Amino acid sequence: MLRERESWVDNLKVFGILAVILGHISSPPQAFIFTWHMPLFFIISGFFINIDRKPLEFIKKDLYRLMLPYLAFTFLGLSVEVFKRYVLGRESLDYLSELYNIYIWMDGAALINTYAFVLWFLPVLFFSRLVVFYSCKYVNNIYIQILTVILLFSASFFYEIPFAIDNALNSVLFVYIGFKIFYLYSKGLLNFKKAYYFWMPLLILGIIYLFYGLPGLDMARKNYSNIPINIVWSLLVIVMLFFVSNKLKITSKMLDEWAKNTMFVFAMHPYTNNIADALVKLVMTHGWQIKFAISIALLQVLIILKSKV
């Protein structure tokens, strides 16, 4: 299956990570961003599942790309949190409990006490990609694939399983959708440059908002305000982003570097957001735009430094 690098996908990744950074700063767009930003990343991750790979090769690559960063950045997050609490004279963490949460549970609720709170995404992505890989590689009947995905998604709401596996099952739906979307796109069966990929979703979103408002979504805790509406809403927003990204296709060295480092930025933005917040509070009480700009600038410095190592 074709899985070449696409500039519009790179732009989509950069837009998504900027939305994540902004979403973790108290700002007016925050509530809207939370309705679709995590489904976007799970869908993008499904784009590049290559079922032609051997299972061991696929697993080894994702272990290196997802689980090793998880182990490294959770250790960093816990260390920074411990140091900050010591310097500020705050109450110490229950270290055994935190280590148990980080390395056994791995979900959003378990990581909430440290700078590693965003990293639940990595083990979830590892296991959800694995499920989709095996389902699509060894089950040829698309109806059985779809039924399997729906059953796993539904079951995820009833169980809490270590290693964030329940969250992974909850995310399988979006990873699978991403896999199928990119398959159809690579075969020329989808053309997101068509204007109706923007206006039709926009119209439906307007109708949903009129009658329901913004559907709250927190995938880290599997909190859906209304499951069918959450799914439809997030998919419609994402299709609109596909259209915009396909039409613009902006290219630059800086965008390329951000696209290549989205995982690094994802892990580091809690630190830069925190620094930005502290700097802004020295001179004013508000200013989310300035916090966002400072965090972006700091992340750009980190990307440059990383490229030099």
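The structure is a predicted model, in which local features need pLDDT of at least 70 and side-chain atom pairs count only at pLDDT 80 or more, while totals for chains, interfaces and linings use all residues. Residues are numbered from 1 along each chain as its sequence is written, and side-chain values use heavy atoms, with hydrogens and water left out.

The C-alpha trace spans about 60 × 45 × 40 Å along its principal axes. A compact globule of 309 residues would have a radius of gyration near 19 Å, and the 20 Å of the protein agrees with that; the radius is taken over C-alpha atoms, and the globule rule is 2.2 Å times the number of residues to the power 0.38. Of the 309 residues, 48% are buried (under 20% relative accessible area, with exposed meaning over 50% and partly exposed in between, for a 1.4 Å probe and protein chains only). Among contacts (heavy atoms within 4.5 Å) with a separation of 6 or more, 79% join residues 24 or more positions apart.

Helix H7 (residues 142-155) and helix H8 (residues 165-186) have axes that come within 7 Å and cross at roughly 150°. Axes here are lines fitted to C-alpha atoms, for helices over the stretch in contact, and angles run from 0 to 180 degrees between N-to-C directions. H7 and H8 are therefore roughly antiparallel to each other, a label given to angles over 145 degrees, with under 35 counting as roughly parallel, 65 to 115 as roughly perpendicular and the rest as oblique. On the H7 side, Ile142, Gln145, Ile146, Val149, Leu152 and Phe153 take part, and they meet Leu169, Asn170, Val172, Leu173, Tyr176 and Lys180 of H8. Sorted by class, the contact of H7 with H8 holds nine nonpolar, two polar and one charged residues. In this scheme Ala, Val, Leu, Ile, Met, Phe, Trp, Tyr, Cys and Pro are nonpolar, Asp, Glu, Lys and Arg are charged, and the others, Gly among them, are polar.

Helix H3 (residues 37-47) also packs on H8, at an angle of about 50° and with the axes 6 Å apart. That angle makes H3 oblique to H8. The contact of H3 with H8 comprises ten nonpolar, four polar and no charged residues. Serine 45, in H3, counts as buried at 10% relative accessibility. Beyond residues up to four places away in sequence, serine 45 touches Leu125, Arg129 and Val175.

A further partner of H8 is helix H10 (residues 227-248), packed at an angle of about 35° with the axes 13 Å apart. H8 passes H10 in a right-handed crossing. Leu173, Phe174, Ile177, Ile181 and Tyr185 of H8 meet Ile231, Ser234, Leu235, Phe242 and Asn246 of H10, giving eight nonpolar, two polar and no charged residues.

Most residues other than glycine have a negative phi. In the loop between H7 and H8, phenylalanine 163 has a positive phi, near 65°, and is partly exposed at 35% relative accessible area. Alanine 164, also in the loop between H7 and H8, has a positive phi of about 55° and is buried, with a relative accessible area of 0%.

Finally, glutamate 98 lies in helix H5 (residues 95-105) and is buried, with a relative accessible area of 4%. Apart from neighbours within four places in sequence, glutamate 98 contacts Leu78, Leu93, Ala110, Asn113 and Thr114. Glutamate 98 and alanine 110 are twelve residues apart in sequence, and 7.6 Å separates them in space, C-alpha to C-alpha.

Conventions:
Helices (H or I, at least four residues) and strands (E, at least two) are DSSP runs, numbered from the N terminus. A crossing is left-handed if the near helix is turned anticlockwise from the far one by less than a right angle, and right-handed if clockwise.
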